[in-house]
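Please open the model in your viewer and keep a selection panel at hand. The stops below say what to select next and what is found there.

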Amino acid sequence: LSAAAEIPKEDDRPKWDNKFQYILSCIGFAVGLGNVWRFPYLCQIHGGGAFLIPYFIALLFEGIPLLHLELALGQCLRKGSIGAWNTISPYLGGIGIGSWVVSVLVSLYYNTVLTWVMWYFINSFQEPLPWSVCPLNENRTGFNKECHESTAVNYFWYRKTLNITPDITESGTLQWWLILCLAASWAIVYLCTIRGIETTGKAIYVTAIFPYLVLTIFLIQGLTLPGATDGLIYLFTPNLNTLKNPRVWLDAATQIFFSLSLAFGGLIAFSSYNPPKNDCEKDAVTVAIVNSMTSLYASIPVFSVLGFKATTAYWDCLDRNIISIINEFDLPEESIMRENYTSWISLLNSSYPEKIAGLKLKSCDLQEFLDQSVSGTGLAFIVFTQAIILMPGSQAWAILFFIMLFSLGLSSMFGNIEGVFTPLLELQIVSKSTPKELLSGIICLISFSIALCFTLGSGSYWIDIFDRYAGSVPLLVIAFFEVIGVVYIYKIKRFSKDVKWMTGRKLNLYWQITWRFISPLLLLIVFMAFVTLQMQKPPSYTAWNPKYEGFPMKEEKVYPPWVQAICVLLAALPSVCVPLVALFHLIKQKRRSKDPSFVTPEVFSCQGANS
Amino acid sequence: MLRALLLTLFVVAIAHAELCKPDAQNAFKVRISIKTALGDNAYAWDANEEYLFKAMVAFAMRRYSSKSTTQISNVLLCNVTDRVSFWFVVTDSSKNVTTVPGSEVEAAIRMNRNRINSAFLLSDKTLQFLKITSTLSPPVEPSTPAWLIVFGVVLCLIVAGIAFLVVSGIQKRKKKNKESTERENLEEKVEVTVTLENGIPCEALDLKSGHINGVFAADDERFTSL
């Protein structure tokens, strides 16, 4: 009678159910809200189809190499970011800690964006949609003043959703409806990440695949809308002159970098749950290409809808002018149509110029409407919602759109939370017997309480700050040190051997050159250019102030000094971890080297960890 | 006699022309957009429609002031254009050649706006009385806002999911604990039964009453030492 078989050491670590789950999780992490609301905008302002050239060059020389590096690292070392970098070299432990801090900061504000999406989602079940009509004022003689001067969609976003204050220094009060939605969002995140990849692995099947379904539906619907072709032509017409502007190349490089969610530690965590002998090279290329293809695929329905919106606005402009003319000259209805508008105008202008001038007709230009480009939350919550009102069956489209945005953001949140969760599990700050459910619950509860700050009146200004400073510069710094650390401190020869052991193929010349020279150089240039651009003018923001004379234009304001200090802190905190930890270990080493009984730690190797 | 009649008619006609003209006192401009409202089912604006209009205005005045003195002939229309737009004024037959004050007419039209609109199959936007503002109808507000109901449903689903996962996690852990304690118990039981062979305790076999079989005796090492 033999006792139960000895559990081998590998089974202690959770595993992916199958390879598809792993690939889907990486794709879900990389494909996020930025693919829908940042890439199409960049394409539009940087010369349409011409933008694809710097974009694919950046993908080839920056995106794919860095992605392969992170996936190979995690798979080889089989630890989260903090543990992995500590294992490579204690001097590089700061990289892991920096990644962890960035993941924490980004998780906090990212889920608040999902809160806004959820708020719009639950408001989409009404007829008429609440952002399509202005509410009446107190004595019911007209519409609410703020709403009437701007538009109903703007009013719903700035007043009914955010209840925004006119200045970042005015915090306002906590908005109870946002608190409810925030609680629901964090509850959903808890539900999906309750047992780590065991539960996210199941949830990812829905959250990663569903957006593609919705994008396809929107693609089919979008292409049938009038004016869609105008929008698409406008988007994809290449203007090669823009390539002379270095800003375009910088934007392409940063877009690729942030779009692939590099340097968060989440990708290292995901690949650490892989079996050691897995082809990480193919995985990296697959994930990077799918991410870029998704960006392209998403821009088609987005621009069809934007073209439709511009065309409808143009027709409305024409119709308003036509009505004014018909009313003024008492011409029969339908005598002036959109087609013969210009001929009528020239006729009337020659015969009655004073009357025409007195009407104060607005000039209607389709190009002008197409030129109004927006990115980020403005695209989703203002421009797109306005376009949805114009479609037949708007409730269904609104519901689909917001569920899609929520899934996109949720699958990225899984990666962020994994980047926080996995290192904590390995740091052994909690005993082995505490259930994972409790740890993830505590993380979600603490994050929820801190994120309550973002539900204040000034919350969206703070989210902009976090997005611009915590989620940008530190990542570039960490990625740079990642490449330098692996190539020059761990030594690329060792790493090549490890990768060969894992994938079964020798590292070809492309990886050698990009890892050794091109990627670190590119990262350095991008970092310098990025910081220089930020420093050129004092950091400012645009505020929604109903009392501003240029209302409904947003008021440009400068950050007060204490807010600027917070910006610098957010950018510096994760980045400074790297040199600080290295310094700390250097001091410790100097002290230890004086101690003769000290034994140097044995050289670590990928294959050794798994035998 | 005939001449006097003709003269009176002439004077009345002139007076009417004086009373109803664009921007006259107490006159209102009306603008009608039939094609916008009805599209293919649009009817043409002719003298019959004008007659109906006069009848509706007279009806409105009668309902408002609840005295039945206003006749269709009291309503004067003029300056009908192709747009279709015209001016109208309501005369007061009790006082000679004067018009009813604009405020009264406005109030009367306001009170009966719905009836006037439906007589022509039009709406506030397509049958415009310039200078007379329409009261906007308040939006229908349900007792609980719709979004709160949807939110409640979503939250219930989430809480149910979390409860299910937590409970199943606890059950799995309990089962694992039970399994490990069962295994320990089983090992103990196995050791206990080892000492009973064919119902005879092993110690009894040490007595000389038994005959030791060499085949089995050599297998002493089979049993793990206690």
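**First stop: two helix pairs in chain A**

Select helix H1 (residues 19–30) of chain A together with helix H10 (residues 197–224) of chain A, which pack at an angle of about 55 degrees with their axes 9 Å apart. Helices here are DSSP runs of H or I with at least four residues, strands are runs of E with at least two, and both are numbered from the N terminus. The axes are lines fitted to C-alpha atoms, for helices over the stretch in contact, and angles run from 0 to 180 degrees between N-to-C directions. H1(A) and H10(A) are therefore oblique to each other, given that angles under 35 degrees count as roughly parallel, over 145 as roughly antiparallel, 65 to 115 as roughly perpendicular and the rest as oblique. Their crossing is left-handed, a term used if the near helix is turned anticlockwise from the far one by less than a right angle.

This is a predicted model, in which local features need pLDDT of at least 70 and side-chain atom pairs count only at pLDDT 80 or more, while totals for chains, interfaces and linings use all residues. Residues are numbered from 1 along each chain as its sequence is written, chains are lettered from A and ligands numbered from 1 in the order in which they are written, and side-chain values use heavy atoms, with hydrogens and water left out.

Next, select helix H4 (residues 52–77) of chain A and helix H24 (residues 509–536) of chain A, whose axes are 9 Å apart and which pack at an angle of about 110 degrees. That angle makes H4(A) roughly perpendicular to H24(A), and the crossing of H4(A) and H24(A) is left-handed. By class, the contact of H4(A) with H24(A) has 12 nonpolar, three polar and one charged residues.

**Second stop: strand E3 of chain B**

Move to strand E3 (residues 85–92) of chain B, where seven of the eight residues are buried, that is, under 20% relative accessible area, with exposed meaning over 50% and partly exposed in between (1.4 Å probe, protein chains only).

Between E2(B) and E3(B), look for Val84(B) in the loop, where a cis peptide bond with omega about -10 degrees joins Arg83(B) and Val84(B).

Which peptide bond is cis, with omega near -5 degrees? The bond from Glu127(A) to Pro128(A) is, and Pro128(A) lies in the loop between helix H6 (93–122) and helix H7 (145–149) of chain A.

Finish with Ser261(A), in the loop between helix H12 (246–259) and helix H13 (266–272) of chain A, where phi is near 55 degrees, a positive value in a residue other than glycine. Ser261(A) counts as buried at 8% relative accessibility, whereas Lys360(A) is exposed, with a relative accessible area of 74%, and has a positive phi of about 55 degrees.

Definitions and conventions. Nonpolar A, V, L, I, M, F, W, Y, C, P; charged D, E, K, R; others polar.
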